Amino acid sequence: MLAVYKKEMKSYFISMFGYAFVAFLLAIVSFCVYMTNIKNASPFIGYAFNTPYIPIIFMILVPMLTMKIFADERATKTDQILFTAPIKVSDIVWGKFLAVSTVYTIPMLVIAVYPLVLQQYGEVPMANSYVALLGFWLMGLAYFAIGVYISSITENQVISAVVTFAVLFMSFIAQYVAKILPSTKAAGLAGWIVLIVIVAIIYALAAKSVKNTNKIAIALAVVGIIIAVVLFVVKPDIYVNGLQNLLYVFSLDYNLQYFIGDFLDIPTVVYYLSVIGVAVYLTMQSINKKRG
């Protein structure tokens, strides 16, 4: 894993990708901090992360940084060397993910100094500021985990970048779509049925190497739908606002708001770590299929 990590880190800073990412992220966050904390005299840096500029810049920067992770290996014909090397798939995936996470963490360490600077000019809620920084960091890692997975299933860098942008854009607008959709019980049931089908499809695509994958996926979908319908008949009230709540789950940016409060929100920490874990697991399954 260490060898893969070093190779990836070297590739980011030999080219301009790593430097460009660090510079752009610092520029945008610094601008948000200036507009929110300095110009408006607000002591809490968390409000700067809750601006629409942040998810938009991630939609641009994450595809730029992750599109080459696996797609570039295929473009340069080095993927077969990597996949036939005596190294575990988990080491390959974690090495690459940790490398891109390190590139993201570098500007985060600089941003972590901002509350200390702001403290020189007034009273700053330091604990809350660093909780917000933790949430911002975890949200970014979740974005990158998704980007790494998409890079592993696409054939070239352009497709990887476009698909990653599209997925992150849909995650961004999910919270706004939720506000205009009906909150009825039937709509909630329909949303959960769609989710069950999507999960079954993802399983079928990610676990093709498993025997009878399609049958298992269909069985999971059927059982899940039956359970959802039974719950709708027995206790329909649980589906009120069900569609909205489902869309909020898909919005990584929306869930950042739970860190911009008075305490550390453990369920949201688990949420971001779960997104990272699922994306990394799916990436491993994708690489396992290509490795044969």
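The structure holds 3 salt bridges, and the model in which they occur is a predicted one. Lys7, Glu8 and Lys96 are linked in a network of such bridges, while Lys185 and Asp237 meet in a salt bridge of their own. Aromatic pairs come to a count of 18, and helix 2 and helix 7 cross at roughly 35 degrees.

- Side chains of opposite charge can pair when their charged atoms come close.
- Lys96 pairs with Glu8, and the closest N and O atoms of this bridge are 2.6 Å apart.
- Because Lys96 belongs to helix 7 (residues 89-111) and Glu8 to helix 1 (residues 2-14), the bridge ties together parts that are 88 residues apart in sequence.
- Lys7 also forms a salt bridge with Glu8, with 3.7 Å between the closest N and O atoms.
- Glu8 has a relative accessibility of 2% and therefore counts as buried.
- Lys96 is likewise classed as buried, at 1% relative accessibility.
- Lys7, in contrast, counts as partly exposed, because its relative accessibility is 45%.

**Salt bridge between Lys185 and Asp237**

- The side chains of Lys185 and Asp237 form a salt bridge with an N to O distance of 3.2 Å.
- Lys185 lies in helix 11 (residues 185-206), and Asp237 lies in the loop between helix 12 (213-234) and helix 13 (242-250), so this bridge ties together parts that are 52 residues apart in sequence.
- Lys185 is partly exposed, at 33% relative accessibility.
- Asp237 is exposed, and its relative accessible area is 52%; this value falls in the exposed class because that class begins over 50%.

**Aromatic pairs**

- The number of aromatic pairs in the model is 18.
- The ring centres of Phe21 and Phe144 are 5.6 Å apart and the ring planes stand at 70 degrees, so this pair is edge-to-face.
- Phe21 is part of helix 2 (residues 17-38) and Phe144 is part of helix 9 (residues 126-153), so the pair ties together parts that are 123 residues apart in sequence.
- Phe21 and Phe144 are both buried.
- Phe31 and Tyr53 form another edge-to-face pair, because their planes stand at 85 degrees, with ring centres 5.8 Å apart.
- This second pair links distant parts of the chain, with Phe31 in helix 2 and Tyr53 in helix 4 (residues 53-66), 22 residues apart.
- Phe31 is partly exposed, with a relative accessible area of 40%, and Tyr53 is also partly exposed, with a relative accessible area of 47%.
- Ring pairs join Phe21, Phe49, Phe58, Tyr104, Phe136, Tyr143 and Phe144 into a cluster.

**Packing of helix 2 against helix 7**

- Two packed helices are described by the angle between their axes and the distance between the axes.
- For helix 2 and helix 7, the axes come within 9 Å and cross at roughly 35 degrees.
- The crossing of these two helices is right-handed.
- Helix 2 contributes Gly18, Phe21, Val22, Leu25, Leu26 and Val29 to the contact, and these residues meet Val103, Tyr104, Ile106, Pro107, Val110 and Ile111 of helix 7.
- By class, the residues of this contact comprise 11 nonpolar, 1 polar and no charged.
- Phe21 and Tyr104, which take part in this helix contact, are also members of the aromatic cluster.
- Helix 7 also holds Lys96, whose partner Glu8 is in helix 1.

How values were computed:
Residues are numbered from 1 along each chain as its sequence is written. This is a predicted model: local features need pLDDT of at least 70, side-chain atom pairs count only at pLDDT 80 or more; totals for chains, interfaces and linings use all residues. Side-chain values use heavy atoms; hydrogens and water are left out. A salt bridge is a side-chain nitrogen of Lys or Arg within 4 Å of a carboxyl oxygen of Asp or Glu. Buried means under 20% relative accessible area, exposed over 50%, partly exposed in between (1.4 Å probe, protein chains only). Helices (H or I, at least four residues) and strands (E, at least two) are DSSP runs, numbered from the N terminus. Rings of Phe, Tyr and Trp (its six-membered ring) pair if their centres lie within 6.5 Å; planes under 30 degrees apart count as stacked, over 60 as edge-to-face and the rest as tilted. Axes are lines fitted to C-alpha atoms, for helices over the stretch in contact, and angles run from 0 to 180 degrees between N-to-C directions. A crossing is left-handed if the near helix is turned anticlockwise from the far one by less than a right angle, and right-handed if clockwise. Contact means heavy atoms within 4.5 Å. Ala, Val, Leu, Ile, Met, Phe, Trp, Tyr, Cys and Pro count as nonpolar, Asp, Glu, Lys and Arg as charged, and the others, Gly among them, as polar.
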